Amino acid sequence: MPKLQLALDGELDAALEILAETRPFIDIAEVGTPLIYREGLRALRQIHALHPDLSLLADLKIMDAGEQEAAIAFSAGADIVTALALANDATIAGAARAARNYGKRVMADMMQVANPLARGRQLLGLGCDFLCLHRAHDLQAAQAAPYAWLAQLRSKMPAAQLAIAGGITLDALPYILPCQPQVIIVGSAITQSSEPAGMARRFAERIRGYDHS
């Protein structure tokens, strides 16, 4: 069954409030890139201290110094870090080494990758744990969601751990759930809802109630 990951990108106080409300319905909390830029890894440490049993992803989007930067996040409480799939292989391999050293995981962000299938195979070979198909924030109004690529990756790499992100709404779930990704990443559909807890519950119920048979 897919896990629901909540992307927290706003102010830290607001993120902590939303997380407290939605915690019963989510499986992974993402300390998003804007939040890390704004607050640094203090945000990660604080969330880890308040929710020590909750899996945390640090959306660092690592592009260089992979081993060093991943280790910084892991030592601050992250269970997963993201590295850009467009990074060089040495950077990806370095982040994967850090993950192995800490007993943690790396998610490759496939944003702007021209051929996710070919690059995905390379990334798995370099030690990445998840492949995330991600429609960039700035392109959500102009770029189609990567449902076709998600289906192709699931078909061609049935054992791969897949994730999908970028403007995911409840209406997107019928296209996503048949592909059985391991992680569904939702941000503004929950965080900008007038009732974040109610919206998170709706996502969780649809995900957990989906029949794959």
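Mentor: Helices are DSSP runs of H or I with at least four residues and strands are runs of E with at least two, both numbered from the N terminus. This is a predicted model, in which local features need pLDDT of at least 70 and side-chain atom pairs count only at pLDDT 80 or more, while totals for chains, interfaces and linings use all residues. Residues are numbered from 1 along each chain as its sequence is written, and side-chain values use heavy atoms, with hydrogens and water left out.

Trainee: What is the relative accessibility of Q180?
Mentor: Q180 sits in the loop between α8 (173-176) and β8 (183-186), and Q180 has a positive phi of about 50° although it is not a glycine. Buried means under 20% relative accessible area, exposed means over 50%, and partly exposed lies in between (1.4 Å probe, protein chains only). Q180 counts as partly exposed because its relative accessibility is 39%.

Trainee: In which strand is K61 placed?
Mentor: K61 is not a glycine either, yet its phi is positive, at about 50°. With a relative accessible area of 22%, K61 is partly exposed. Its place is in residues 55-62, which form strand β3.

Trainee: Which residues have the most contacts inside the largest nonpolar core?
Mentor: A nonpolar core is a set of buried Ala, Val, Leu, Ile, Met, Phe, Trp, Tyr and Cys residues joined through side-chain atoms within 4.5 Å. There is a largest core of 66 residues, and a second, separate core of eleven residues includes A7, I28, I80 and C132. In the largest core, the residues with the most contacts are V81, I184 and F203.

Trainee: How large is the arc covered by the buried residues of α1?
Mentor: In helix α1 (residues 12-22), the buried residues are L12, A15, L16, I18, L19 and T22. The arc is that of the directions from the helix axis to the C-beta atoms, and these residues lie on the same side of α1 because their arc is only 165°. The face turned away from that buried side carries the exposed residues D13, E17 and A20. The value asked for, around the axis of α1, is therefore 165°.

Trainee: At what angle do α4 and α5 pack?
Mentor: Two packed helices are described by the angle between their axes and the distance between the axes. Axes are lines fitted to C-alpha atoms, for helices over the stretch in contact (heavy atoms within 4.5 Å), and angles run from 0 to 180 degrees between N-to-C directions. Residues of α4 such as A70 and F74 are among those that meet residues of α5, including A95 and A98. The axes of α4 (residues 66-75) and α5 (residues 89-102) are 7 Å apart, and the helices pack at an angle of about 35°.

Trainee: Is M110 buried or exposed?
Mentor: M110 is found in the loop between β5 (105-109) and α6 (116-125). Leaving aside its neighbours within four places in sequence, M110 is in contact with A85, P116, G120, L123, L131, C132 and L133. M110 has a relative accessibility of 4%, so it counts as buried.

Trainee: Which residues does S193 touch, not counting those up to four places away in sequence?
Mentor: S193 lies in the loop between α9 (188-191) and α10 (196-208), and at 18% relative accessibility it counts as buried. Beyond the residues up to four places away, S193 touches S188 and M199.
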